Amino acid sequence: MKFTRNHYFLIGILLILFGIQFRLVDSFVINERCTRALDRVMRKTPVASNDAFSAFAMQVHPNPTKRVQPPRWIGAAMVVSGIVVTLHSFALRRS
């Protein structure tokens, strides 16, 4: 599939919108399935331990979740990249 002007424009607009979202959001909470997959990949600390406090906490909030805090510069980089790709789409010839 050949990339046309419309494809570049769409990718640029999506990068701009995702960049704005990353700039506005402080952190993301991922669900249990993604948390377990991320834990398997990172191999850091276990998701939940077997001590008494963890057993009590699992009754209150049963699904282990992880909070991801992306750096502030990622949003700005995505917005700038989106602007460049969008402007590039205007420079291409119509086909």
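Predicted model: local features only at pLDDT ≥ 70, side-chain atom pairs only at ≥ 80, totals over all residues.
View 1. How far apart are the centres of the rings of Phe-3 and Tyr-8? They are 5.7 Å apart, and the ring planes meet at 45°, so this pair is called tilted.

**View 2. Another ring pair, Phe-22 with Phe-28.** Here the ring centres of Phe-22 and Phe-28 lie 5.5 Å apart. The planes are at 65°, so the pair counts as edge-to-face. Phe-22 comes out as partly exposed, with 24% relative accessibility, and Phe-28 is partly exposed at 26%. Counting up the aromatic pairs gives three; the ones picked out in these legends are Phe-3 with Tyr-8 and Phe-22 with Phe-28.

**View 3. Helix H1 and its two sides.** Helix H1 takes in residues 5–24, which is 20 residues. From first C-alpha to last, H1 reaches 29 Å, close to the 28 Å you'd expect at 1.5 Å a residue. Which residues of H1 are buried? They are Gly-12, Ile-16 and Gly-19. Look down the axis of H1 and these buried residues fall within an arc of 65°, so they line one face of the helix. Here's some background: an α-helix has 3.6 residues a turn, so residues three or four places apart point the same way. Over on the other side of H1, you'll find Asn-6, Leu-17 and Leu-24 exposed. As for the buried residues of H1, part of their cover comes from helix H4, residues 72–91.

View 4. An unreviewed UniProt entry puts the annotation "transmembrane region" on residues 7–25 and 73–92. In the model, residues 7–25 are 95% helix and 0% strand, with their end C-alpha atoms 27 Å apart. For residues 73–92, the end C-alpha atoms lie 29 Å apart, and that span is 95% helix and 0% strand.

**View 5. Thr-65 in its loop.** Thr-65 sits in the loop that runs between helix H3 (52–60) and strand E2 (66–68). Is Thr-65 buried, exposed or partly exposed? It is partly exposed, with a relative accessible area of 38%. Setting aside neighbours within four places in sequence, what does Thr-65 touch? Its contacts are Val-29, Ile-30, Asn-31 and Thr-35. Thr-65 and Cys-34 are 31 residues apart in sequence, yet their C-alpha atoms are 8.3 Å apart in space.

**View 6. Stepping back to the whole chain.** After the close-ups, here is the overall picture. The chain has four helices and two strands, and they follow the pattern α-β-α-α-β-α along the sequence. Of its 95 residues, 15% are buried. Take the contacts in the chain with a separation of 6 or more: 84% of them join residues 24 or more positions apart. The accessible surface of the chain comes to about 7,800 Å², and 63% of that belongs to carbon and sulfur atoms.

Conventions
Residues numbered from 1 in each chain as written. Heavy atoms only, no water. Expected span 1.5 Å × (residues − 1). Buried < 20%, exposed > 50% of the residue type's maximum accessible area, 1.4 Å probe, protein only. Arc of directions from axis to C-beta. Contact = heavy atoms within 4.5 Å. Phe/Tyr/Trp six-rings, centres within 6.5 Å; stacked < 30°, edge-to-face > 60°. UniProt positions renumbered as here; feature names shortened; annotations may be inferred. Areas by Shrake-Rupley, 256 points an atom, 1.4 Å probe, with all protein chains shown as cover.
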